[in-house]
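Take a moment with the sequence and the 3D view. The paragraphs below walk through them step by step.

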Amino acid sequence: MSVLIDKFDVFASGFWLTLQICFLAAIGALILGSVVAVLRISPVPPLRALGTAYVNTFRNLPLTIVMFFAAFGLPALGSNADFLRIPGLDIVFSRLGTDLPYFRFALIALVLYTAAFVCEALRSGVNAVPAGQAEAARSLGLTFIQNLRHVVLPQSWTASVVPLGSVIIAMIKNSALIGFFGVIGDLSQTADQLTSAGGEPFIPVAIGISIGYLIMTVPLGALLDRVERRQAVAR
Amino acid sequence: MTQQSSVLYDVPGPRQRRITLFGSVAALIGLLVGAYFLIYQPLDETGQFSMELWGPLIDPGNENFALVWERLGVGIRNTLIAAALAIVTSLVVGTLLAVLRIQLKGLAQRRYAGLAPQLAYLLRGLNLTLSVVTRFCVEVFRGLPVVITIFFVARGFPEFGITFDNLWYLVIGLTIYNSVVIAEILRSGMQGLAGGQAEAAAAIGLAPLQTTRMILLPQAFRIMLPALISQLVVVLKDTSLGFIISYEETLNIGKQIIGVLDNPIQVYTVLAVLFIAVNYSLSKLAQAVQRRLSRGRRAADTPAQPPAAALASQARISEANGDS
């Protein structure tokens, strides 16, 4: 068990890196997902088709393949994802600015993959708003954008917050995959490194790593359960 | 879906349709030009479109074609075997776990008044321990990434001197995670049923286990079928994680092919198309089942909708299928 205390800094830095990529990927996926959701409900048929194609593609691909594409495809396109080296951001998220691109590749893959699920969560919220609301707004002469902005989206938020939360939890769990795609030092890679290269006993390391993930997922899940119960009562 | 989202805007008139048409043609041309310079050119420069790289995958005349597809066939078969085993075991274990948790919850109210006090306390203590343990397992395994579970299984079992084929590590890892998820799906389905179902079963003299088995479980399966099917799609997708423990599934075979032929982009494109085709048809199947079920309910003139609570949690669960 002493490995948990001796190597506490290794676990902590792994946790910190996983937290970083989850935070960045969550923000990216929320932005991209909202754009795709608006595309999917927009009045322009080609945009709707585009949004639907995006969602169908990424929902049906294993994240593993998306990661492989990011790790092999982007270099083949001659890109090291340098556009993610945003000045200022790389002070907090130091991995964004390093010369090794795998953190950025993994981030792109996570964002692309999660955005499809974010889109579906937002859209399920929009569909939960009673049809009469949007019809009333239309009969007042509101345009599509006004309709969304003033009438539908504010009401859809309550219905989409729980699905959105589950998407984010799933994303945190999916982020464990990045350790197997060249990102060094996140929680999952720490497990591999400590047990195989470092020769540490397996059980304590497994416990430490599990605690690291459970700290992120279990409280979020409990919070969602609470929100869900409260909403059930309100309904 | 279409009818619901078209509520958001008026049906476009002739002018709007013209604008849409011209706009999309212009945007399409813009996109094609952009794609040519940003994607096609860099790929073409590195020779990614050459028959040398694509040939083994799409040209039946190529010398490697037969071998490549034979290997891929092995990979696909292994993926399907792992997925089928994992699906069956998770369904069985998940159902048992759901029944166990429901039973324990029912027994928690029982005081065992007819028995000797010590025995009654012992039984109640046992009951409490079991429910705490199952609750703990559910929370832990639901919160752990499935990659980590598989990794731990593959590393942990040899630690205790138990070794299997890689297939079984993958199946056990997938089962641990998915059975817990399936148990929660079924449990929320059973708890979402109207209280009258269990009460009526008790009134005609069914024992608690009989009630669960004959009344609650079949209805929960029915209500939660769409969520269950999408969870099974998740299992199929998750078998691709077998590559981290070097199980020879589709992706791993793909990697081997890449190791020989050095054509990662081409192989992954073909694999992506395969995965999308299979998973997309499975999702469509889930939708068809859902539609059929809701029609069946209306036709049978039973309560038209499943209880709101069950629906809500079902929505939540099916949205949660982000697991790789």
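Leaving aside residues up to four places away in sequence, A:Ala109 touches A:Leu63, A:Val66, A:Met67 and A:Ala70. Keep in mind that this is a predicted model.

Now widen the view. The largest nonpolar core holds 126 residues. Which residues touch the most other members of this core? A:Ala109 is one of them, together with A:Ile21, A:Ala25, A:Val66, A:Ala106, A:Met171 and B:Ile150. Among the elements, helix H6 of chain A, residues 102–128, gives the most to this core: 18 residues. In soluble globular proteins, nonpolar side chains tend to be buried together.

How many helices and how many strands does chain B have? The count is 13 helices and zero strands. Chain B has 324 residues, and 35% of them are buried. Its contacts reach along the sequence, too. Take the contacts in chain B between residues at least 6 apart in sequence: 75% of these join residues at least 24 apart.

The two chains also meet. Chain A brings 59 residues to the contact, and chain B brings 52 residues. On the side of chain B that touches chain A, six named helices each supply at least two residues: H1 (2–5), H2 (14–45), H5 (117–143), H6 (146–159), H12 (264–299) and H13 (308–319). Which of the helices gives the most to this side? It is H12(B), with ten residues. By residue class, the side of chain B that touches chain A splits into 31 nonpolar, 13 polar and eight charged residues.

How far can the model be trusted? The model scores ipTM 0.82 and pTM 0.84. For chain B, the mean pLDDT is 80, and 88% of its residues reach 70 or more. Where in chain B is confidence lowest, and where highest? It is lowest in H1(B), at a mean of 46, and highest in helix H7 of chain B (residues 166–192), at 89.

Two stretches of chain B call for care. Residues 1–5 of chain B have a pLDDT below 50, and this stretch has three contacts in the model beyond near neighbours in sequence. Residues 301–324 of chain B also have a pLDDT below 50, with 64 contacts beyond near neighbours in sequence. Where pLDDT is low, the predicted coordinates should not be read in detail.

Note on methods
Residues numbered from 1 in each chain as written. Chains lettered and ligands numbered in written order. Contact = placed C-beta atoms within 7 Å. Helix = DSSP H or I, 4+ residues; strand = E, 2+ residues; numbered from the N terminus. Nonpolar A, V, L, I, M, F, W, Y, C, P; charged D, E, K, R; others polar. Buried ≥ 20, exposed ≤ 12 C-beta atoms within 10 Å, placed from the backbone. Core = buried A, V, L, I, M, F, W, Y, C linked by C-beta atoms within 7 Å. pLDDT = per-residue confidence, 0-100.
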